[in-house]
Amino acid sequence: MRVVSLVPSLTEAVALTLPHLLVGATDWCTHPAGLDVARVGGSKYPDLDRVLALRPDVVLLNVEENRRVDAEALAAAGVPVRVTYPRTVDEALTELGDLLRELGAPAEPEWLVAARRAWGAPPAVGPPRRAVVPVWRRPWVVLGADTFAGDVLRRLGVTNLYADDAERYPRPSLDELRAREPELVVLPDEPYSFTADDGPEAFPGVPCALLSGRHLTWYGPSLAAAPALLSAQLADPVVRPG
């Protein structure tokens, strides 16, 4: 079987479990380090001619990561596509197990076993903290309802103030974000690369937790380390003077 992955999470999962199957990945597939496969452009705008030239037996996609038009074009070209769409940790673990089994894994890899164990007993957390979770700025975009990252944070004691919004990724103004009076602002380093110098200054006086975007949003081998790492990062926010 020849597999092309257009999803960084799934690229890492396949590369660490069934490396001989993976023949192509996106330019954004940065894990595992040193991955040596053909590159086919970005997740949103892959070069479909390059994908087809690799003669894949299946192309891995995700509803949020990739565009429907590309999935339809691949299917029209006779290439089977496998589309994932986990919105909770449990769904992610189930989808990963199902996918790897479909690709021929004889048993669940150790990293997936470790991820199930880690999320079965995540670190103890204190009282829930009311938070906003920007994932972009200029314009501001935040996590809304029914997202995988939102479920990750909920399990770690973070109450997303936009979890009941009608949109999955609302675009409130900065004034609206501040008006929610969050106790915490969660700033991941992807898709927007928030840093200590780019993000917290917009929320003076409010603790801002700088999180690993890979551990917050990727559903793959990073899930095993995510509970401990994200908990530590949430417990060590920065505060810019008000």
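This report covers a sheet, a helix pair and the aromatic ring pairs of one structure. The model is predicted.

**The sheet**

Four strands make up an open sheet, ordered β9-β6-β10-β11. Their pairing is parallel. The edge positions go to β9 (158–160) and β11 (208–211). Each has a single partner strand, so one side of each lacks a neighbour in the sheet. On average, neighbouring strands are turned by 40° against each other, direction ignored.

Strand β6 (residues 129–132) runs parallel to β9, and 3 bridges join the two. Arg129 takes part in this pairing: its bridge partner in β9 is Val158.

Helix α9 (residues 226–234) lies across β6, β9, β10 (184–188) and β11. The helix runs at about 150° to β11.

**Helices α4 and α6**

Two packed helices are described by the angle between their axes and the distance between the axes. Helix α4 (residues 89–102) packs against helix α6 (residues 148–155) at an angle of about 120°. Their axes are 8 Å apart. The angle makes α4 oblique to α6.

Which residues meet here? From α4 come Val89, Asp90 and Ala92. From α6 come Phe148, Asp151, Val152 and Arg155. By class, the residues of this contact are 4 nonpolar and 3 charged, with no polar ones.

**Aromatic pairs**

The whole structure holds 5 aromatic pairs. A pair of rings is described by the distance of the centres and the angle of the planes. Two of the pairs are listed here.

| Ring pair | Centre to centre | Angle between planes | Class |
|---|---|---|---|
| Trp140 and Phe194 | 6.2 Å | 15° | stacked |
| Phe148 and Tyr219 | 6.2 Å | 65° | edge-to-face |

Phe148 and Tyr219 form the edge-to-face pair, because their planes stand at 65°. Phe148 belongs to helix α6, while Tyr219 lies in the loop between α8 (213–217) and α9, so the pair ties together parts 71 residues apart in sequence. Phe148 and Tyr219 are buried. Phe148 is also one of the α6 residues that meet α4.

Ring pairs also build a cluster of Trp136, Trp140, Tyr192, Phe194 and Phe203. Trp140 and Phe194, the stacked pair, are among the members of this cluster.

Key. Residues numbered from 1 in each chain as written. Predicted model: local features only at pLDDT ≥ 70, side-chain atom pairs only at ≥ 80, totals over all residues. Heavy atoms only, no water. Axes fitted to C-alpha atoms, helices over the stretch in contact; angles between N-to-C directions. Parallel < 35°, antiparallel > 145°, perpendicular 65-115°, else oblique. Contact = heavy atoms within 4.5 Å. Nonpolar A, V, L, I, M, F, W, Y, C, P; charged D, E, K, R; others polar. Pairing = 2+ DSSP bridges. Phe/Tyr/Trp six-rings, centres within 6.5 Å; stacked < 30°, edge-to-face > 60°. Buried < 20%, exposed > 50% of the residue type's maximum accessible area, 1.4 Å probe, protein only.
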